[in-house]
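Could you walk me through this structure in plain words?

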Amino acid sequence: MTINEVNGAGQPQNGYTKVKVTDKDSGKSFVIDFRNAKVKGNQAEWTIKDGKVFDKNGNTIENNELEVTRYQAALIKAAAEGDENGKKLDSKDLIGSMYGKKAEEELQKANSEYHIAKDNMNVPAAQFGDADAMEHGTIYANVVNAKGEKGHLEIQFLNEEQAPAKQEEKAWYEFWK
């Protein structure tokens with residue numbers, strides 16, 4: 001039986017892992033089905049893989065729960081909303097710079113004191129700030145509050161959720177075989 005065939009409470013279904021995301025500031029939580037991914041915050045780091053959630057030391061986290069700050073919860077929720085299906089977070093949510101707009105909307109809904117930081121890297125600056133959901137499998141956002149405190153969240157899809165692998169290199173004369 002493969003991991004994709006497992007189907008039960010808390011177990012992956014079709015390659016997804018049910019993850020409970022808890023806002024440790026408010027206690028509110030929601031559940032998202034993640035594809036295999038690494039999630040990084042300012043100091044925290046988790047790996048979601050094969051039906052389990054691991055901390056940065058490789059220890060399994062009970063109940064597949066990510067305890068995050070209010071702004072991180074809003075950014076994860078915005079990432080899952082990329083394809084208008086907020087229940088799953090996968091490569092279909094890779095919507096480019098539009099992620100910055102969705103992230104800002106979710107930050108406002110969550111009454112977060114943080115906002116998407118201005119893009120200071122690109123000329124011209126990205127329209128929706130320093131946040132992106134890139135086609136090679138990375139979703140990130142940099143945020144800042146009125147006090148100048150900065151925050152970061154990054155989601156990097158693993159394995160099959162990354163960009164398609166290149167075809168095997170062949171010598172020119174082998175293409176006709």
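Asp-119 sits in the loop that runs between β8 (115-116) and β9 (131-134). Strands such as these are DSSP runs of E with at least two residues, helices are runs of H or I with at least four residues, and both are numbered from the N terminus. This is a predicted model, in which local features need pLDDT of at least 70 and side-chain atom pairs count only at pLDDT 80 or more, while totals for chains, interfaces and linings use all residues. Residues are numbered from 1 along each chain as its sequence is written, and side-chain values use heavy atoms, with hydrogens and water left out.

A salt bridge is a side-chain nitrogen of Lys or Arg within 4 Å of a carboxyl oxygen of Asp or Glu.

Leaving out residues up to four places away in sequence, Asp-119 touches Ala-125, Ala-126, Gly-129 and Asp-130; contact means heavy atoms within 4.5 Å. Gly-129 is found in the loop between β8 and β9 and counts as buried, at 10% relative accessibility. With neighbours within four places in sequence set aside, Gly-129 is in contact with Ile-116, Ala-117 and Asp-119. The C-alpha atoms of Gly-129 and Ala-141 are separated by 8.6 Å, and these residues are 12 residues apart along the chain.

Let us turn to the strands. Four of them, in the order β6-β1-β2-β7, form an open sheet with mixed pairing. β6 (65-68) and β7 (88-89) stand at the edges with a single partner strand each, so one side of each is left without a neighbour in the sheet. Two strands pair if DSSP finds at least two bridges between them. Strands of a sheet pair through backbone hydrogen bonds, either parallel or antiparallel. Strand β1 (residues 17-23) pairs with β6 in the parallel sense over 4 bridges, and Val-21 has Leu-66 in β6 as its bridge partner.

Elsewhere, strand β3 (residues 37-40) pairs with strand β4 (residues 45-49) in the antiparallel sense over 4 bridges, and a hairpin through 4 residues joins β3 to β4. Lys-38 has Thr-47 in β4 as its bridge partner. Thr-47 also has a bridge partner in β5, Phe-54. β4 and strand β5 (residues 52-55) pair in the antiparallel sense over 4 bridges. The hairpin of β4 and β5 has 2 residues between the strands, and Asp-50 in the turn has a positive phi of about 50°.

Among the contacts of Ile-76, not counting residues up to four places away in sequence, are Val-21, Phe-30, Leu-66 and Leu-153.

How many salt bridges does a search of the whole structure find? It finds 5. In one of them, Lys-18 pairs with Asp-33, the closest N and O atoms being 3.0 Å apart. Lys-18 lies in strand β1 and Asp-33 in strand β2, so the pair ties together parts that are 15 residues apart in sequence. Another salt bridge joins the side chains of Arg-70 and Asp-23 (3.5 Å, N to O). This pair links distant parts of the chain, with Arg-70 in helix α1 and Asp-23 in strand β1, 47 residues apart.

Definitions and conventions
Buried < 20%, exposed > 50% of the residue type's maximum accessible area, 1.4 Å probe, protein only.
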